[in-house]
Each structure stands twice: as structure tokens, then as C-alpha cells.
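Here is a friendly walk through one protein model, taken a few features at a time. Keep the picture open as you read, and try to find each residue as it is named.

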Amino acid sequence: MISKKMSASLNEQINKEIYSGYLYLSMAAYATSIGLNGFANWFKVQMQEEMAHAQKFYDYVNQQGGRIVLKAIDEPPKDFASPRDLFSKTLEHEKMVTKRINDLVKLAKKENDNATETTLQWFVTEQVEEEANPTEMLQKLDIVGKDGNGILTIDNQLATRVFVPPQPQG
Ligand code: FEO
């Protein structure tokens with residue numbers, strides 16, 4: 001069993017993960033609107049990852065006898081300044097998610113909730129990748145600058161990303 005406080009905090013995180021998916025789907029739509037279908041593909045895959053994160057939390061809360069309570073999802077922004085802006089905002093968003101995961105770990109430690117702390121370790125590791133991906137993309141985009149050919153080469157690379165469902169823990 002988990003505490004009511006932990007259950008509520010994990011429910012909140014489900015909402016944030018779904019919001020993350022919504023944000024990335026909005027970014028995909030922007031990319032499509034400016035003709036960058038590879039960027040759009042990357043963000044659609046990112047949306048699938050976020051839904052998988054939400055589902056992981058959902059399954060865990062249920063397993064631990066918590067009660068899932070779904071709340072309204074905030075409206076994501078729809079306008080972005082450039083392809084670079086997409087990854088800049090992604091990095092900013094993922095840093096916020098990392099902070100939330102760290103706060104959840106802090107709460108689990110405080111409550112001596114070893115099961116939740118162990119489950120959260122998967123997310124701690126995942127967040128390293130979640131910040132590394134946009135950081136790498138920003139480096140590449142800074143190299144090509146406004147060069148159209150460079151952007152299209154990156155677009156082709158981003159078109160190859162496929163969704164790989166996360167492996168079960170343990
Ligand atoms: Fe669910 Fe992008 O972290």
C-alpha cells in the first residue's frame with residue numbers, strides 16, 4: 001500500500017505526463033505545419049513515450065491500492081518560433097519533469113516507501129535520456145544554424161525514430 005499523500009502525488013504526475021504528451025503532439029503539429037515531417041515524427045514518438053510513462057504510474061498506483069483520479073489536462077502552446085525553439089522548449093520542460101521526479105523520490109524517502117522509491121528509479125534514469133536528447137538536438141541545430149540543407153538533413157534523421165515500448169521493471 002502507498003499513503004494517500006503518495007497516491008495523490010503520483011496521480012498528479014500522471015496528469016503531468018499526459019500533459020507532456022499533449023505538448024509534444026502540439027509540437028508535432030507545428031512541425032507538420034512548416035513542412036518538417038521528420039521533426040513531426042520525432043515529437044509524435046515522444047508523445048507515445050509520455051503516454052507510456054503515464055501508464056506506468058497508472059499501473060503502479062493501482063497495484064499499490066491507490067485510487068486513480070484523472071483531472072483536466074492543460075492546453076499546450078500551439079505556436080513556436082522555429083525548429084530550434086521546439087527542442088529548446090522540450091529541454092526546459094524535461095528539466096521541470098526531472099525536478100518533479102526528484103521531489104517524488106524525496107517524498108518516498110521521507111515516508112520510508114521503498115517500493116515507490118524503487119519504481120521511481122526507472123524514471124530517474126529515463127530523465128537522463130529525456131534531457132540528453134533535446135540537448136544533442138540543440139547542439140546539432142546550432143551547428144547548421146539557418147542553413148536549409150542542414151535542417152532538412154536533420155529532418156531526415158528525425159524521420160527514422162520509432163517508438164519502443166518501455167520494458168517492464170524488475
Ligand atoms: Fe515523461 Fe519526458 O518525461
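In which helix does isoleucine 101 lie? You will find isoleucine 101 in helix α3, which covers residues 83-110. Please keep in mind that the model you are looking at is predicted.

## Around isoleucine 101

Is isoleucine 101 buried or exposed? Its relative accessibility is 1%, and buried means under 20%, so isoleucine 101 counts as buried.

Which residues is isoleucine 101 in contact with, once its neighbours within four places in sequence are left aside? The list is Gln13, Glu17, Phe57, Leu120, Phe123, Val124 and Gln127. Now look along the chain to aspartate 85, which is 16 residues from isoleucine 101 in sequence. In space, the C-alpha atoms of isoleucine 101 and aspartate 85 are 24 Å apart.

## Salt bridges

Side chains of opposite charge can pair when their charged atoms come close. In this model, the count comes to nine salt bridges. One of them joins the side chains of glutamate 12 and lysine 16, with a distance of 3.7 Å from N to O. Both residues belong to helix α1 (residues 4-33), where they are four residues apart, or about one turn of the helix. Glutamate 12 is partly exposed, at a relative accessible area of 33%, and lysine 16 is partly exposed too, at 22%.

A salt bridge also links glutamate 136 and lysine 140, whose closest N and O atoms are 3.2 Å apart. Why are these two separated by about one helical turn? The reason is that glutamate 136 and lysine 140 are four residues apart in helix α4 (residues 114-144). Glutamate 136 has a relative accessible area of 38%, which makes it partly exposed. Lysine 140, with 29% relative accessibility, is partly exposed as well.

For another example, turn to lysine 78 and aspartate 79, a salt bridge in which the closest N and O atoms are 3.3 Å apart. Both lysine 78 and aspartate 79 are exposed. Salt bridges can also join up into a network, as they do for Lys99, Asp103 and Lys106.

## Aromatic rings

A pair of aromatic rings is described by the distance of the centres and the angle of the planes. How many aromatic pairs does the structure hold? There are eight aromatic pairs. One to look for is tyrosine 24 with phenylalanine 43: the ring centres are 6.0 Å apart and the planes are at 35°, so this pair is tilted. Tyrosine 24 is part of helix α1 and phenylalanine 43 is part of helix α2 (residues 37-63), so the pair ties together parts that lie 19 residues apart in sequence. Tyrosine 24 is buried, with 0% relative accessibility, and phenylalanine 43 is buried at 0% as well.

Phenylalanine 43 also pairs with tryptophan 42. Here the ring centres are 5.0 Å apart and the planes are at 75°, so the pair is edge-to-face. Tryptophan 42 is buried, at 7% relative accessibility.

## Charges over rings

What sits over the ring of tryptophan 42? It is the charged end of arginine 161, at 4.3 Å from the ring centre. You can find a charge over the ring of tryptophan 122 too: there the charged end of lysine 56 lies 4.3 Å from the centre.

## A pocket

Rolling a probe the size of a water molecule over the atoms shows where empty space is left. The second largest pocket holds about 150 Å³ of space. Its lining is made by Ser82, Pro83, Arg84, Leu141, Asp142, Gly145, Lys146 and Ile151. Which elements give two or more residues to this lining? They are α3 and α4.

Most residues other than glycine have a negative phi, and most peptide bonds are trans. Asparagine 112 is not a glycine, yet its phi is positive, at about 55°. To find asparagine 112, look in the loop between α3 and α4. With a relative accessibility of 60%, asparagine 112 counts as exposed.

Conventions. Residues are numbered from 1 along each chain as its sequence is written. This is a predicted model: local features need pLDDT of at least 70, side-chain atom pairs count only at pLDDT 80 or more; totals for chains, interfaces and linings use all residues. Side-chain values use heavy atoms; hydrogens and water are left out. A salt bridge is a side-chain nitrogen of Lys or Arg within 4 Å of a carboxyl oxygen of Asp or Glu. Buried means under 20% relative accessible area, exposed over 50%, partly exposed in between (1.4 Å probe, protein chains only). Rings of Phe, Tyr and Trp (its six-membered ring) pair if their centres lie within 6.5 Å; planes under 30 degrees apart count as stacked, over 60 as edge-to-face and the rest as tilted. A charge sits over a ring if NZ of Lys or CZ of Arg is within 6 Å of the ring centre and within 35 degrees of the ring normal. Contact means heavy atoms within 4.5 Å. On a 1 Å grid over the protein atoms alone, a cavity is a set of points where a 1.4 Å probe fits but cannot get out, and a pocket is an open set with protein on both sides within 12 Å along at least five of seven lines; lining residues have an atom within 4 Å of a point. Grid points are joined across faces, edges and corners, and a volume is the space filled by probe spheres set on the points.
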